[in-house]
Amino acid sequence: MASLSYERSRSLPLQTGSQIVDRVTSLVGAASSARLWLLLLNAEKLQLRHLVRVNTNAANDDEQIERGAAGVIAGASLIDDVHAAVFVLERLGGERFTPTDRLWARSITAACQSSGVELAGLVVSHSHGVRWLTGDDFMA
């Protein structure tokens, strides 16, 4: 897939899961390490210039993940014009969701609800590509 430049992407709102997966595929692609990415969106669902990358190797238990998710979202909420965010869990391995993926997803969802930042989407970048993560995948 051809890379999407920021100049081109900033005029294309992210309103559907398919659009979000396409954008994440273009910007992040298949995983090469363990990181959390945030695509920050304004009220019109247009991506802001900020693409935030957070190393998640150190977060390996429930409390660290919950604190990490809350801290990342608190920081994002301080950036001007941030209304919503897409979160990308980048990690090596297969496309099947892991217990850690589910914990990150629950922690991110809770932090977004308490911060006022809308959760526009959750995506897992794994060793072979990108996969959309729904509430049914992690709330069960």
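Begin by selecting K45 and E118, whose side chains meet in a salt bridge at 2.3 Å, N to O; a salt bridge here is a side-chain nitrogen of Lys or Arg within 4 Å of a carboxyl oxygen of Asp or Glu. The pair links distant parts of the chain, 73 residues apart, with K45 in the loop between β1 and β2 (47-55) and E118 in strand β4 (residues 118-126). Strands (E, at least two residues) and helices (H or I, at least four) are DSSP runs, numbered from the N terminus. K45 is buried at a relative accessible area of 16%, whereas E118 is partly exposed at 31%; buried means under 20% relative accessible area, exposed over 50%, and partly exposed in between, with a 1.4 Å probe and protein chains only.

Before going further, note that this is a predicted model, in which local features need pLDDT of at least 70 and side-chain atom pairs count only at pLDDT 80 or more, while totals for chains, interfaces and linings use all residues. Residues are numbered from 1 along each chain as its sequence is written, and side-chain values use heavy atoms, with hydrogens and water left out.

Staying in the loop between β1 and β2, select N42, which counts as buried at 14% relative accessibility. The N42 side chain reaches the backbone nitrogen of E44 at 2.9 Å, a polar contact, that is, a pair of N or O atoms within 3.5 Å in which, within protein, one must be able to donate a hydrogen and the other to accept it, and residues adjacent in sequence count only if both atoms are side-chain atoms. If residues up to four places away in sequence are not counted, N42 touches L48, D81 and H83, contact meaning heavy atoms within 4.5 Å.

Next, select E90 and R35, which form a salt bridge with their closest N and O atoms 2.9 Å apart. This pair also links distant parts of the chain, E90 in strand β3 (residues 84-90) and R35 in strand β1 (residues 35-41), 55 residues apart. E90 is buried at 3% relative accessible area, and R35 counts as buried at 18%.

An α-helix has 3.6 residues a turn, so residues three or four places apart point the same way.

Finally, select helix α2 (residues 17-27), where the buried residues are I20, V21, R23, V24 and S26. Just after α2, G29 takes a positive phi of about 70°.
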